[in-house]
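Biologist: I would like to learn how to read this model. Where do we start?

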Amino acid sequence: MNSSTQIRGFHVIASIDHINASLIWDQGKCSRFNWLWFDVTTYLPYTDETSYENSLLVQQSGSLALSSMTHVMKSLTPNAKNIFILLTKHQLENKDNSTYIGMSIQDLYQRCREGFLVNSDLTLRAQLVEFKDHKLIKSKKSYDGIEHLMIPIDNATLTEFLEQHETS
């Protein structure tokens, strides 16, 4: 595509709140996008933006965790939802195992491939980043260096979540 190609009537409005925002694009890209930069700092507290922040880690059980999981699940793709459901079911199947440290990434990848949920290890890992960002999973390496995934929510809440998801 020619760098001077423009689409008439196409405009993008975006905002960013990051200390290094101006470093995201180099000068060439900035001029091609023809960005207009405005500092619109309000100095207001981030109450809405941070209302769900760390809610799953702060309170790992009960209605807040269930509400947070349900809220995040609404924004996920069907395959992503099924990956999380697969992890949930595996964790609940092992709830009585005192040595359970989570599902290994290799096992998860194999099950996801069998269920046609991912087509590569890279696709799965990209999805796991999404889960980690939302604090839906924790990652831990075992003594042999294998990475295991666990949902940091109590079993009763996970069971309730699974029941809600299966009835919807």
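Modeller: With a cut-off. Buried means under 20% relative accessible area, and exposed means over 50%. Keep in mind that this is a predicted model.

Biologist: Is Gln 127 buried or exposed?

Modeller: Gln 127 has a relative accessible area of 15%, so it is buried. The residue is found in helix α6.

Biologist: What does Gln 127 contact, leaving aside its neighbours within four places in sequence?

Modeller: Gln 127 is in contact with Leu 76, Ala 80 and Ile 83. Ala 80 and Ile 83 are themselves among the buried residues of α4.

Biologist: And Asn 119, buried or exposed?

Modeller: Asn 119 has a relative accessible area of 57%, so it is exposed. It lies in the loop between α5 and α6 (121–133). Beyond its neighbours within four places in sequence, Asn 119 is in contact with Tyr 109 and Arg 113. Its C-alpha atom is 9.3 Å from that of Tyr 109, ten residues apart along the chain.

Biologist: How many helices and strands does the chain have?

Modeller: Seven helices and three strands. Along the sequence the pattern reads α-α-α-α-β-α-α-β-β-α. The chain has 168 residues, and buried residues make up 28% of them. Take contacts between residues at least 6 apart in sequence: 58% join residues at least 24 apart.

Biologist: Which residues of α4 are buried?

Modeller: Ala 80, Ile 83, Phe 84, Ile 85, Leu 86, Leu 87, Thr 88, His 90, Gln 91 and Leu 92.

Biologist: How are two packed helices described?

Modeller: By the angle between their axes and the distance between the axes. Here, the axes of α4 and helix α5 (residues 105–114) come within 11 Å and cross at roughly 125°. That angle makes α4 oblique to α5. The crossing is right-handed.

Biologist: Which residues make the contact between α4 and α5?

Modeller: From α4, Ile 83, Leu 86, Leu 87 and His 90. From α5, Leu 108, Arg 111 and Cys 112.

Biologist: What is that contact by class?

Modeller: The contact of α4 with α5 has five nonpolar residues, one polar and one charged.

How values were computed: Residues numbered from 1 in each chain as written. Predicted model: local features only at pLDDT ≥ 70, side-chain atom pairs only at ≥ 80, totals over all residues. Heavy atoms only, no water. Buried < 20%, exposed > 50% of the residue type's maximum accessible area, 1.4 Å probe, protein only. Helix = DSSP H or I, 4+ residues; strand = E, 2+ residues; numbered from the N terminus. Axes fitted to C-alpha atoms, helices over the stretch in contact; angles between N-to-C directions. Parallel < 35°, antiparallel > 145°, perpendicular 65-115°, else oblique. Left-handed = near helix turned anticlockwise from the far one by under 90°. Contact = heavy atoms within 4.5 Å. Nonpolar A, V, L, I, M, F, W, Y, C, P; charged D, E, K, R; others polar.
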